[in-house]
Structures are given as structure tokens and as C-alpha cells.
Amino acid sequence: RARIGQKKLELSLPEGSRVSDLKAALIDLYPDAAPAVEYMLVSVNQEFTPDDLEIPDQAKVALFPYVTGG
């Protein structure tokens, strides 16, 4: 959110797009966010998903930054 400057955004992707396509689109739109976007966890409709998952139409997608700690 800090690198993109928005809490929410709406994107239209071609039918059949995958989580990896979404990440690529975000990197194209916000190159400064690339280091963070590459490693983010993604949930689609409230379920964590791998990058090769196809995103259904009208899906709600959330991105979570990678964190470490213990």
C-alpha cells in the first residue's frame, strides 16, 4: 500500500488471467512496488492461492506482504 499509494484498486484483467498475471500487471502499473509484489501472498475470495490459480470473474483479491519474524 505504501509503494502504490492506495488501499484499494480495481483492475480488469483478460478472462483466464492467473494470480501471476495480476502480479505482473501491478508491477507494470507500479514499478516501484515490484520488489514487494513479487513475494506477496495472495488470497482470492478469502482463500490463499498459488500464483498459477486462474482468477474467477468478479473475484475479490487481497495481497499480503511477506513478513518474517518469530
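The loop between strand 1 (41–44) and strand 2 (47–49) holds Asn45. Helices and strands here are DSSP runs numbered from the N terminus, where a helix (H or I) has at least four residues and a strand (E) at least two. Please keep in mind that this is a predicted model: local features need pLDDT of at least 70, side-chain atom pairs count only at pLDDT 80 or more, and totals for chains, interfaces and linings use all residues. Residues are numbered from 1 along each chain as its sequence is written, and side-chain values use heavy atoms, with hydrogens and water left out.

Let us stay with Asn45. Although Asn45 is not a glycine, its phi is positive, about 50°. Most residues other than glycine have a negative phi. Asn45 counts as partly exposed because its relative accessible area is 41%; buried means under 20%, exposed over 50%, and partly exposed in between, with a 1.4 Å probe and protein chains only. Which residues does Asn45 touch, not counting those up to four places away in sequence? They are Pro56, Ala59 and Lys60, where contact means heavy atoms within 4.5 Å. Ser17 is 28 residues from Asn45 along the chain, and their C-alpha atoms are separated by 15 Å.

Gln58 also has a positive phi, of about 65°, although it is not a glycine. Gln58 is found in the loop between strand 2 and strand 3. Is Gln58 buried or exposed? With a relative accessible area of 73%, Gln58 is exposed.

I turn now to the whole chain. The protein has two helices and three strands, and along the sequence they follow the pattern α-α-β-β-β. A compact globule of 70 residues would have a radius of gyration near 11 Å, and the 12 Å of this protein agrees with that. That radius is taken over C-alpha atoms, and the globule rule is 2.2 Å times the number of residues to the power 0.38. Taken along the principal axes, the C-alpha atoms fill a box of roughly 35 × 30 × 20 Å.

How much of the protein is buried? Buried residues make up 21% of the 70 residues. The protein exposes about 5,500 Å², and carbon and sulfur atoms supply 50% of this area; the accessible areas come from the Shrake-Rupley method with a 1.4 Å probe, and for residues only the protein chains shown count as cover. Among contacts with a separation of 6 or more, 42% join residues 24 or more positions apart.

Next, the residues of strand 3. Ala62 lies in this strand, and Ala62 counts as partly exposed because its relative accessibility is 26%. Leaving aside neighbours within four places in sequence, Ala62 is in contact with Leu41, Val42 and Ser43. From Ala62 to Gln46, 16 residues apart in sequence, the C-alpha to C-alpha distance is 7.8 Å.

Phe64 also has its place in strand 3. Phe64 is partly exposed, with a relative accessible area of 35%. Its contacts, again leaving aside neighbours within four places in sequence, are Met40, Leu41, Ser43 and Phe48. Phe64 and Tyr39 are 25 residues apart in sequence and 9.0 Å apart in space, C-alpha to C-alpha.

In helix 2 we find Val37. Val37 is buried, with a relative accessible area of 2%. Apart from neighbours within four places in sequence, Val37 is in contact with Lys23, Leu26 and Ile27. The C-alpha atoms of Val37 and Ala59, which are 22 residues apart along the chain, are separated by 19 Å.

Rolling a probe the size of a water molecule over the atoms shows where empty space is left. On a 1 Å grid over the protein atoms alone, explored with a 1.4 Å probe, a pocket is an open set of points with protein on both sides within 12 Å along at least five of seven lines, and lining residues have an atom within 4 Å of a point. What is the volume of the largest pocket? The volume is about 1,300 Å³, meaning the space filled by probe spheres set on the points, which are joined across faces, edges and corners. Its lining has 33 residues, of which Leu9, Leu22, Val61, Ala62 and Leu63 lie nearest the centre. Helix 1 (19–29), helix 2 (34–37) and strand 3 (61–64) are the elements that give two or more residues to this lining. The largest share, three residues, comes from strand 3.

By class, the lining has 19 nonpolar, five polar and nine charged residues. Here Ala, Val, Leu, Ile, Met, Phe, Trp, Tyr, Cys and Pro count as nonpolar, Asp, Glu, Lys and Arg as charged, and the others, Gly among them, as polar.
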